[in-house]
Amino acid sequence: MSPSRISRWFSVSEEERAKEHPRTALLVVEVAADSLRVDRMLKGRVYARAGIPEYWVVDVTGSAVEIYTGPDVSQGRYAALRTVVVGETLSSPTLPGLSLRVADLFA
């Protein structure tokens with residue numbers, strides 16, 4: 001995410017950011033190299049408030065995937081976080097049958 005887009009995320013209200021995102025997804029995936037803070041904190045709250053059942057943050061630098069589940073709409077946060085790393089297999093509680101080797105994502 002460019003510095004100007006990050007500045008915009010910090011300058012608008014959470015409600016305004018929520019209007020920019022769909023509310024019907026089952027799974028949202030953010031790929032982050034230099035935007036981890038924004039993806040974890042700000043976007044995570046937006047997706048939780050929208051009731052998105054599952055949210056992944058792919059940490060390119062750390063070669064890991066954070067899986068957030070159990071959105072608490074009123075609190076704007078996810079109840080559970082599981083991190084999977086190279087050597088493990090990623091599966092989706094929301095999309096049964098979806099299974100990926102984490103190493104394949106970073107090959």
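## Fold and model

From the N terminus on, the elements of the protein chain follow the order α-α-β-α-β-β-β-β-β-α, which comes to four helices and six strands; helices (H or I, at least four residues) and strands (E, at least two) are DSSP runs, numbered from the N terminus. This is a predicted model, in which local features need pLDDT of at least 70 and side-chain atom pairs count only at pLDDT 80 or more, while totals for chains, interfaces and linings use all residues. Residues are numbered from 1 along each chain as its sequence is written, and side-chain values use heavy atoms, with hydrogens and water left out.

## Burial and contacts

Of the 107 residues in the protein chain, 36% are buried, a term that stands for under 20% relative accessible area, with exposed meaning over 50% and partly exposed in between (1.4 Å probe, protein chains only). Among contacts with a separation of 6 or more, 51% are between residues 24 or more positions apart, where contact means heavy atoms within 4.5 Å.

## Aromatic pairs

The count of aromatic pairs comes to four; rings of Phe, Tyr and Trp (its six-membered ring) pair if their centres lie within 6.5 Å, and planes under 30 degrees apart count as stacked, over 60 as edge-to-face and the rest as tilted. Tyr 55 and Tyr 78 form a stacked pair, 6.2 Å centre to centre with 25° between the planes. Because Tyr 55 lies in strand β2 (residues 54-59) and Tyr 78 in strand β4 (residues 77-85), this pair ties together parts that are 23 residues apart in sequence.

Tyr 55 counts as buried at 1% relative accessibility, and Tyr 78 counts as buried at 13%. Ring pairs also link Tyr 47, Tyr 55, Tyr 68 and Tyr 78 into a cluster.
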